[in-house]
Amino acid sequence: MTILCVRFQLPPMCEAALPGLLALLEEFTPVVEALPPDGALADLRGAERYFGRSAVELAAVIRVRALARYGVDCMIGAGPGPMLARMALREARPGVTCAVSGAQAPDFLTGRPVAALPGVGAATARTLCEYGLDTLGRVAAAPLSTLQRLLGAKAGRELHEKANGVDRGRVVPNAVSRSLATERAFDRDELDPGMHRRALLSAADEIGARLRAVEKVCRTLTLTVRYADRSATTRTRTLPESTAHSPALTRTAYGLYEALGLQRARVRAIVLRAEGLGPAEAASHQLTFDPVDDRVRRIEEVADRARARFGPRAVMPGALAA
């Protein structure tokens with residue numbers, strides 16, 4: 001077992017602690033993949049040899065350090081690959097690492113519903129269930145040709161391998177730099193949609209300014225709405241073009257919010273995350289003949305210079321969108 005899947009039990013207002021917790025994992029291995037908003041994958045193959053401890057023993061050390069430094073507990077799953085580590089995490093609980101070895105994988109997978117396998121969506125699960133392949137054990141026992149006829153050659157082969165415990169996934173390091181998030185928490189449970197939109201406007205404005213400051217653009221935007229009962233809803237939308245333009249980010253954020261159809265929802269916090277970051281110099285921009293858009297972009301440049309000189313409060317959030 002060399003892969004850990006870690007989920008930090010961050011309070012709703014403490015997502016900003018995630019970079020520090022990821023740095024904690026990097027003390028053991030440079031191969032760390034962030035799983036925002038509160039998790040990560042860590043490949044400990046080299047760490048096991050270096051520290052002379054198993055992945056499960058290192059998981060215990062990680063848990064203690066997260067508690068000591070940040071006051072944050074975590075749940076950890078361990079497996080020979082990312083897929084099994086993710087699935088083991090679902091069986092973990094605070095203080096106890098759930099570990100699944102390669103030899104245990106067939107028994108671990110057999111009775112689980114096919115939808116429990118990472119990468120199997122609702123449509124694929126529905127198709128398989130229509131043919132009686134509702135558990136991973138039945139999928140593993142099915143002929144490869146049957147799965148390929150139902151799902152296609154590549155998808156059928158991958159599903160057959162995964163159901164039999166073959167995990168060819170890998171941890172992609174440095175993925176933390178590919179996302180950027182900000183959170184707007186309310187002092188009380190907020191029911192007013194107008195206040196929700198104000199929070200989105202402020203968050204999108206901050207995201208845009210931070211992206212431009214590091215000369216990045218984002219490809220997708222993810223909205224997470226946290227409610228009073230500690231549940232949350234997350235939606236993601238791909239932007240028409242990679243951008244760091246605050247009004248474009250604001251429009252997308254509003255669209256994500258409106259698609260939720262919230263009515264009298266008691267909202268505790270709103271988190272906006274820009275993902276799929278890339279260099280701004282490599283991004284393309286669709287030119288328009290709209291003088292308003294050109295003027296807004298010029299004002300945006302002036303606002304960024306004002307922020308750089310006088311601080312983030314130099315420009316009122318939403319001034320550009322107005």
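Me: How many helices and strands does the secondary structure of the protein come to?

Reply: The protein has twelve helices and ten strands. These elements are DSSP runs, H or I of at least four residues for helices and E of at least two for strands, numbered from the N terminus. The model is predicted, so local features need pLDDT of at least 70 and side-chain atom pairs count only at pLDDT 80 or more, while totals for chains, interfaces and linings use all residues. Residues are numbered from 1 along each chain as its sequence is written, and side-chain values use heavy atoms, with hydrogens and water left out.

Me: What percentage of the residues of the protein count as buried?

Reply: Of the 322 residues, 44% count as buried (under 20% relative accessible area; exposed is over 50% and partly exposed in between, with a 1.4 Å probe and protein chains only). Among contacts (heavy atoms within 4.5 Å) between residues at least 6 apart in sequence, 66% join residues at least 24 apart.

Me: Why are α8 and α9 called oblique to each other?

Reply: Helix α8 (residues 144-151) and helix α9 (residues 153-163) pack at about 135 degrees, with their axes 7 Å apart. Axes are lines fitted to C-alpha atoms, for helices over the stretch in contact, and angles run from 0 to 180 degrees between N-to-C directions. Angles under 35 degrees count as roughly parallel, over 145 as roughly antiparallel, 65 to 115 as roughly perpendicular, and the rest as oblique. The helices α8 and α9 are therefore oblique. On the α8 side the contact is made by Leu144, Leu147, Gln148 and Leu151, and on the α9 side by Ala153, Ala155, Gly156, Arg157, Leu159 and His160. By class, these residues divide into six nonpolar, three polar and one charged (Ala, Val, Leu, Ile, Met, Phe, Trp, Tyr, Cys and Pro count as nonpolar, Asp, Glu, Lys and Arg as charged, and the others, Gly among them, as polar).

Me: What makes α1 oblique to α3?

Reply: α1 and helix α3 (residues 55-70) pack at an angle of about 140 degrees, with axes 11 Å apart. That angle makes α1 oblique to α3. Gly20, Leu21, Leu24 and Leu25 of α1 make the contact with Ile62, Arg65, Ala66, Arg69 and Tyr70 of α3. The contact has six nonpolar, one polar and two charged residues.

Me: Which aromatic pair is called tilted?

Reply: The tilted pair is Phe28 with Phe51, at 5.7 Å centre to centre and 50 degrees between the planes. Rings of Phe, Tyr and Trp (its six-membered ring) pair if their centres lie within 6.5 Å; planes under 30 degrees apart count as stacked, over 60 as edge-to-face, and the rest as tilted. Phe28 lies in the loop between α1 (18-26) and β2 (32-35), and Phe51 in helix α2 (residues 45-51), 23 residues apart.

Me: Why is the pair of Tyr50 and Phe51 called edge-to-face?

Reply: The ring planes stand at 85 degrees, with the centres 5.0 Å apart, so the pair is edge-to-face. Ring pairs link Phe28, Tyr50 and Phe51 into a cluster.
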